[in-house]
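Subject: Handover of a structure

Dear colleague,

Please find the structure below, together with its sequence. I would be grateful if you would read the notes after it with the structure open beside you.

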Amino acid sequence: VSARSIAVTIGVSRRSAIKIIKNPVMAAAPLAVPLFMFAAFAGAMTAVGKTPGFDYYNYTAFIFVFVLYQAMVFVGIFTGIEMSGDFGTGFGDRMMLAAPQRLAIVGGYLVFTLGRGVFSIALIWAIALLTGMPVRGDALQIAALVVLALMLGVATTLWAAGLALRARSITAAALIFMSSFVVLFMTPDFVPRHLIGGWLHTAASINPLTPAMESGRGLIANTPADPELAFGLTGALILVFMVWAVRGMRAAERGPKAPRPRGLQARREAKAARAGGTPPQAAGGPEPAPGRARGPAARRARARARGRG
Amino acid sequence: VSSSSGEQLRTLARRSIARSARQPQVMIPSIAFPLFMLAILACAGAQATKVPGFPTKSYITFVLASTLIQGAVNGTTVAGQLLAGDLETGFVNRILLTPVRQSVLLFAQLAGVAIVGLIGSIVFIAVGLIFGVSVKAGAGGVLALIGVTLLVVIAFGAIGLLGAALTGSAAQVQAMFALFLGLLFMSSMLMPRNLITENWFKTIATYNPLSYLVEATRSLLISGWDAQALALGCGFALLFFAIAMTGAVFAMRRRMERL
């Protein structure tokens, strides 16, 4: 990693940080929905925590883990949306011109996600503790919960970055939001998995975020439930989405796909250009047989041949 | 309404409906997002029916009421984007050169909102009925449910018009939608008020007018014809509409005077 790449990473993350400092509404956006949900569920649904079979020590703590993860997923979503906006307006292209290692740009957005995520986690923890949420886990378990939340934020950012770099337009925002939102809500969000009915139970059972959700609830309750599986799966998600983001950056470097050449002649010329050579006729080689070729380019070639004859 | 105003209203209303129909990016999220939340809450919230005193054994029946209101809240976005779009593209400036009255222009925008709301409410109720929702108020109750929802849609549409007339920006109207969605979650959307055990939340839900909109539609689904719930819900919807429309007409007039 060169000093220049580190400078690019710092520059990108600093720019994003300055943008949200200057626009507090933008800064509050990823936190607003999770906090509203925290208030709504912890306030309205407390009685559900006392129903038979719920088996968790406190409903506020139960919903807290979902809200913590939701906040981190939203941080990732909003970073991705900002990235798609940057690439949509052409600013991303200018950043790519300045960066010798283009992945340093993605690194910058990741650093920003982590910084914003730490702030969001601290705020949500402060609100939860101030409103009297009981915590049973020890310091190490709470640290593990926070690390899991940050890992989810990183995974979401990488997924969103892959989409943003492929679309290179703000139109990716809807896809980034909907895909992450749907997967997050298909976890055991409001009640334990064994109490969920219908299709959602099946969806939650195969959702890769479910182990992180259940393990997080175990950590805060001091009854760890498969933390290895949760960390392993979340780490695997990060690796897969890292490859997705790297390939997205390669796609962005190639730029938009050129339209497919039409006609035999045009295809031959494009193939020759790709091979690094000159078209056969330009190099003095034999002209293709015009009678067998089809398409407008071939028709033009036949007309030229007739004119010469 | 004079005959010329009626003609203006009809023409602009047709335009508003055509614009709404031509914008699937507005129509589809207004229906898809509440349906997704209905699907999630119906499965995840079933445990709530085991709370002693819960008014029904079917959580999907209970939560369908809030889905209808959630869809209606989208009226803010639809109306706001229609008017903000007209302001941003200069259509309103061109209309000023004609004898069209500003109030007519605003009322006509609500036609598109009403159509989107009507389609949405029919879809939500149909999906609910397919998945086992029963309407206690009977077949007439279904019509009343659509009617009340339509009234709420128009009320939120008027709020969207007010937002667009004040700000002139579609993005800022979108922020208003987020605010109302948050307020909806802080209502009795998830649990009947009498079963909310946290006093601070019960107080918020009681003072939150969105609780009464949800309870009006819910009464038709769960308890039958409840005159008090319906009167409160429709009353709040009419109040929202009257305040927002008056504000929108004044805001629009002031905006036009500045031009």
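The notes below set out what was found, beginning with the conventions.

This is a predicted model, in which local features need pLDDT of at least 70 and side-chain atom pairs count only at pLDDT 80 or more, while totals for chains, interfaces and linings use all residues. Residues are numbered from 1 along each chain as its sequence is written, chains are lettered from A and ligands numbered from 1 in the order in which they are written, and side-chain values use heavy atoms, with hydrogens and water left out.

Chain B as a whole

Chain B has 10 helices and 0 strands; helices (H or I, at least four residues) and strands (E, at least two) are DSSP runs, numbered from the N terminus. The radius of gyration of chain B is 19 Å, close to the 18 Å of the globule rule for 259 residues, so chain B is as compact as a globular protein of that length. That radius is taken over C-alpha atoms, and the globule rule is 2.2 Å times the number of residues to the power 0.38. The C-alpha trace of chain B spans about 65 × 35 × 30 Å along its principal axes. Of the 259 residues of chain B, 58% count as buried (buried means under 20% relative accessible area, exposed over 50%, partly exposed in between, with a 1.4 Å probe and protein chains only).

Where the chains meet

The contact (heavy atoms within 4.5 Å) takes 27 residues from chain A and 24 residues from chain B. The two chains bury about 2300 Å² between them, 81% of it on carbon and sulfur atoms; buried area is the accessible area (1.4 Å probe) that two parts lose on being put together, summed over both. F36(B), C43(B) and Q47(B) supply 26% of the area that chain B buries against chain A, more than any other three residues. Between the chains the count of salt bridges is 0, a salt bridge being a side-chain nitrogen of Lys or Arg within 4 Å of a carboxyl oxygen of Asp or Glu. On the side of chain B that touches chain A, helix 2 (24-44), helix 7 (170-185) and helix 8 (199-207) of chain B each supply at least two residues. Helix 2 of chain B gives the largest share, 8 residues.

Individual residues

T56(B) lies in the loop between helix 2 and helix 3 (59-89) of chain B, and at 15% relative accessibility T56(B) counts as buried. Apart from neighbours within four places in sequence, T56(B) is in contact with T49(B), F62(B) and I222(B).

M151(A) belongs to helix 6 (residues 139-167) of chain A and is buried, with a relative accessible area of 18%. Leaving aside neighbours within four places in sequence, M151(A) is in contact with F231(A), T234(A), G235(A) and I238(A).

D55(A), in the loop between helix 2 (24-44) and helix 3 (59-88) of chain A, has a positive phi of about 55° although it is not a glycine. At 68% relative accessibility, D55(A) counts as exposed. N222(A), in the loop between helix 9 (210-220) and helix 10 (227-254) of chain A, has a positive phi near 60° and is likewise not a glycine. At 41% relative accessibility, N222(A) counts as partly exposed.

Yours sincerely
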